[in-house]
2 protein chains.
Amino acid sequence: MTETDFPQIRDDAAPSLPPILQAMTGHRTEHPPVWFMRQAGRSLPEYRQAREGISMLESCLDPELAAEITCQPVRRHGVDAAVLYSDIMVPLALAGVGVRIEPGVGPVLDHPVRTATDVDALVSRGPGDASAIAKAAQLVICELGEAVPLIGFAGAPFTIAAYLVQGGPSRDHLAARAMMHAEPAAWARLMDWVADLDADFLTAQLAGGARAVQLFDSWAGSLSAADYRHHVAPHSIRALEGIGRDTPVVHFAVNSSHLLAELARVAGEASDHPVLGVDHRVPLDHALASLMVERLEMPLQGNINPALLFAGDEALHAEAASVVESGRRAPGHVVNLGHGVPADADPDTLTRLVEYIHSL
Amino acid sequence: MTETDFPQIRDDAAPSLPPILQAMTGHRTEHPPVWFMRQAGRSLPEYRQAREGISMLESCLDPELAAEITCQPVRRHGVDAAVLYSDIMVPLALAGVGVRIEPGVGPVLDHPVRTATDVDALVSRGPGDASAIAKAAQLVICELGEAVPLIGFAGAPFTIAAYLVQGGPSRDHLAARAMMHAEPAAWARLMDWVADLDADFLTAQLAGGARAVQLFDSWAGSLSAADYRHHVAPHSIRALEGIGRDTPVVHFAVNSSHLLAELARVAGEASDHPVLGVDHRVPLDHALASLMVERLEMPLQGNINPALLFAGDEALHAEAASVVESGRRAPGHVVNLGHGVPADADPDTLTRLVEYIHSL
């Protein structure tokens, strides 16, 4: 991709597109569009009720239930997009890998993948049937129509592979970070396989009607830029290859202030409408400046400090206003938190936050 | 502090100082000096044996045992410094705060500090008697003499306060990050109190013979630069105020590539011999460049990727050579890992790594 491929800011409106897609495709919007990572989930009483007695992965694979949960925050908060309720482990579950989501712990694998032999055994599996995912997306579109688009999502290959190699959550992902150096060929095979599962998962969501996708690389922040570039980026690009260059792609990792250009480059390689998600650590105008140095300026998503959800509306709204102001310099800005909605956030605080952002 | 106060590189040797103190005070050394964060601890069989049946805090408060554990990695690996075996929670324990270190979990507080009233109740406590800490340091000096200096350490006020407010470990430290905005005055009182405990803890180590100190701010990386500057930095400076400007101060936080200048500034405010610890995410020459922009160049400590400890000696030694090469541009370089020694690291790998680094 050459630098001139990046979207330039356009002052003409694109009135046929919902505001969030306008922002993602480099147009200014009248009011800032907003959604929240993990908006569908534990912070909502109606979610906790819908999930009662049903495991996480079961609920993701039940199209009616997944669609219901996806629509809940749109009804309640009036956010500008739905994001498909799912889990980054779903592609593994569809492929028949033994994985469960343990409450309070996270994903746990029956068989950690530690050696080249383990990798070879795993990658002989096909991707499985993603029709339940496509169906869930369709049901969301049936309810929400065209005005509030659906964002699809997947965990990036590194994050999924980190769970596979470690066998569960870890603070440092040392086993995965060691494998990329100790067994680079096996690591690449594992990452390509996960990328292909991701591609299937994302394609199903787009086939069901999603209009944009977000690739979450939760753990990429643990890597140096050199490790990311050599052992991760090519596989993340591969995961996005099937989606079509017209689909906006948001690429996001927490703790990644040292990787912003690398993450932006991956999104730009995969899509004509790349968007960089930024966590709460780096002000949007600083993030933009660091992209401009590399001629990678693109629309930004983010980055209200989630801690302010617990500090009262005055402090929270001041933070939101500052984020919106900082985002005005970007060629497109989708407001979001700098991280997912905490489970104990007050839903009413979020609803008032959306109202406030829409008033700006 | 003005820019001219920062140490300039000196090509004259300072032969009266051990190599690690030469590097910390801005002198070039013949061979790179090296120590490892968490070198005294779970990776060593002799440590696991010495600790058998004794709780973490008990072992820290027993001068003979703490000194023995401190000396173990010096005997085994031939590192250039000892670091006092202790825990960042020890100052709280000395002040009579109900805290225990749960194996596999971390520090757990009997009473989380959530409100301004909780803060006021806590800060009425005095710092307690740190003589056991000074005694442990003295015993280390008795064994090691002058050639291998002892580094003292303390957890920075933010990290300790994050545990106090949360009541235990957390991924995001949201309760502490919210309190600094919701209750800024109470937050400042809490941080000042922790800073004063830290100052006492560090002073005891120096009184016992430590020649340098490291302030660890494990969780500072979760903050934006603005939050760090306003709600954390002044208190970290206060924690270091009693140590004397001649004492070298290493300031370190993981995940802090967006905070390097802020961390360096704190060390430079507190000491005439500031050193910035850098984690494995940012190459040392990049870190140095970002400090130069702010006229904050100083000796660096770091930053071998700990994942390479599990990738074979060839990859590990290549990484070490690259770190040493990158560190040559800094006005002084202390080799270390980019994070603490993992509990399951092979001690022999570490011993061979020290030999290799000393051969460079």
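Colleague: Leaving aside neighbours within four places in sequence, which residues is A:His231 in contact with?
Modeller: This is a predicted model, where local features need pLDDT of at least 70, side-chain atom pairs count only at pLDDT 80 or more, and totals for chains, interfaces and linings use all residues. Residues are numbered from 1 along each chain as written, chains are lettered from A in written order, and side-chain values use heavy atoms, without hydrogens or water. Contact means heavy atoms within 4.5 Å. On that rule, the partners of A:His231 are A:Met180, A:His181, A:Trp187 and A:Met191.

Colleague: Is A:His231 buried or exposed?
Modeller: Buried means under 20% relative accessible area, exposed over 50%, partly exposed in between (1.4 Å probe, protein chains only). A:His231 has 16% relative accessibility, so the residue counts as buried.

Colleague: What area is buried between chain B and chain A?
Modeller: The contact takes 29 residues from chain B and 29 residues from chain A. Buried area is the accessible area (1.4 Å probe) that two parts lose on being put together, summed over both. Carbon and sulfur atoms give 56% of a total of about 2,100 Å².

Colleague: Which residues of chain B lose the most area to chain A?
Modeller: Three residues together account for 22% of what the chain B side buries. They are B:Leu174, B:Arg177 and B:Arg281.

Colleague: How many salt bridges does the rule find across the interface of chain B and chain A?
Modeller: The rule needs a side-chain nitrogen of Lys or Arg within 4 Å of a carboxyl oxygen of Asp or Glu. Across this interface the count of salt bridges is zero.
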